[in-house]
Amino acid sequence: MPDRIPNVIAIEDLVARVAAKAKATSTTLPPAATAEEVVEAEAVLGFALPPLLASLYREVANGGYGPDYQLLALVGPGRTALSEYQSERSASAEDEAPYWPAGVLPILDWGCAMYAAVDCLSETATVLLFDPNAMTDDGAAAWFVDSESLADWLETWLAGTGWYREDADEYEDVAEPTPWEMAASRIAE
């Protein structure tokens with residue numbers, strides 16, 4: 001199992017393996033985001049991207065690879081992680097039951113308004129599942145832990161054993177997302 005907080009060498013190795021799979025499974029990858037674009041996005045967001053996520057955008061591609069619907073671009077035209085974060089935070093602030101916590105960046109749209117999102121404020125870059133279909137009058141009910149870390153989430157994608165796979169029931173150790181216990185307190189911040 002990978003380290004909870006990957007060190008620089010582990011990040012470099014993981015980024016290289018992700019890049020190899022991205023190139024093998026995507027017909028055309030967009031160019032990588034520049035270091036300046038990442039810094040500008042972080043300034044707009046108001047928080048830093050976890051080192052692994054920043055490396056993926058700078059060294060692999062500006063989205064366009066990954067599980068099923070693929071990672072959103074960080075910046076650029078159309079829907080991006082940056083624009084989706086701003087949209088969800090704005091809508092959440094206007095909602096009677098706020099639902100989107102600060103520092104949680106949507107990185108992949110699963111469809112049906114569901115997102116994979118990275119908690120950029122957690123030490124491990126926890127990957128969360130946002131499922132508004134589970135929301136009641138409490139926005140916290142829509143949040144689930146998909147993976148304790150972005151590194152572990154990527155390892156699952158590389159191994160082809162994610163819960164989202166059609167054949168996931170064939171794997172004994174596929175972990176289903178569990179409720180995110182910190183959701184209510186983080187939404188309230």
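Modeller: Before you ask: by relative accessible area, buried means under 20%, exposed over 50% and partly exposed in between (1.4 Å probe, protein chains only). This is a predicted model, so local features need pLDDT of at least 70 and side-chain atom pairs count only at pLDDT 80 or more, while totals for chains, interfaces and linings use all residues. Residues are numbered from 1 along each chain as its sequence is written, and side-chain values use heavy atoms, with hydrogens and water left out.

Colleague: OK, A188 then: buried or exposed?

Modeller: A188 is found in helix 6 (residues 183-188); helices (H or I, at least four residues) and strands (E, at least two) are DSSP runs, numbered from the N terminus. With a relative accessible area of 65%, A188 comes out as exposed.

Colleague: And how far apart are the C-alpha atoms of A188 and E59?

Modeller: Along the chain, A188 and E59 are 129 residues apart.

Colleague: Which residues touch the most other members of the largest nonpolar core?

Modeller: That core has 60 residues; a nonpolar core is a set of buried Ala, Val, Leu, Ile, Met, Phe, Trp, Tyr and Cys residues joined through side-chain atoms within 4.5 Å. Take L105: leaving out residues up to four places away in sequence, its contacts (heavy atoms within 4.5 Å) include L45, L74, Y85 and C120. The members touching the most others are L49, L56, L105, W143, L150 and W153.

Colleague: What angle lies between the ring planes of F47 and Y85?

Modeller: There are eight aromatic pairs in the structure, where Phe, Tyr and Trp (six-membered) rings pair if their centres lie within 6.5 Å, and planes under 30 degrees apart are stacked, over 60 edge-to-face and the rest tilted. F47 and Y85 form an edge-to-face pair, 5.4 Å centre to centre, with an angle between the planes of 80°.

Colleague: Which parts does that F47 and Y85 pair tie together?

Modeller: Both residues are buried, because F47 has a relative accessible area of 10% and Y85 one of 7%. The pair bridges 38 residues of sequence, so it ties the loop between helix 2 (35-45) and helix 3 (51-60) to helix 4 (residues 81-94).

Colleague: How are helix 2 and helix 4 oriented to each other?

Modeller: A41, V44 and L45 of helix 2 meet L82, Y85 and Q86 of helix 4. Axes are lines fitted to C-alpha atoms over the stretch in contact, with angles from 0 to 180 degrees between N-to-C directions; here the axes are 11 Å apart at about 0°. Angles under 35 degrees count as roughly parallel, over 145 as roughly antiparallel, 65 to 115 as roughly perpendicular and the rest as oblique. Helix 2 and helix 4 are therefore roughly parallel.

Colleague: How are helix 3 and helix 5 oriented?

Modeller: Helix 3 and helix 5 (residues 150-159) have axes 9 Å apart, at about 50°. L52, L53 and L56 of helix 3 make the contact with L150, A151 and L154 of helix 5. That angle is why helix 3 and helix 5 count as oblique.

Colleague: What is the phi of A125?

Modeller: A125 lies in the loop between strand 2 and strand 3 (127-130). A125 is buried, because its relative accessibility is 5%. Although A125 is not a glycine, its phi is positive, at about 60°.
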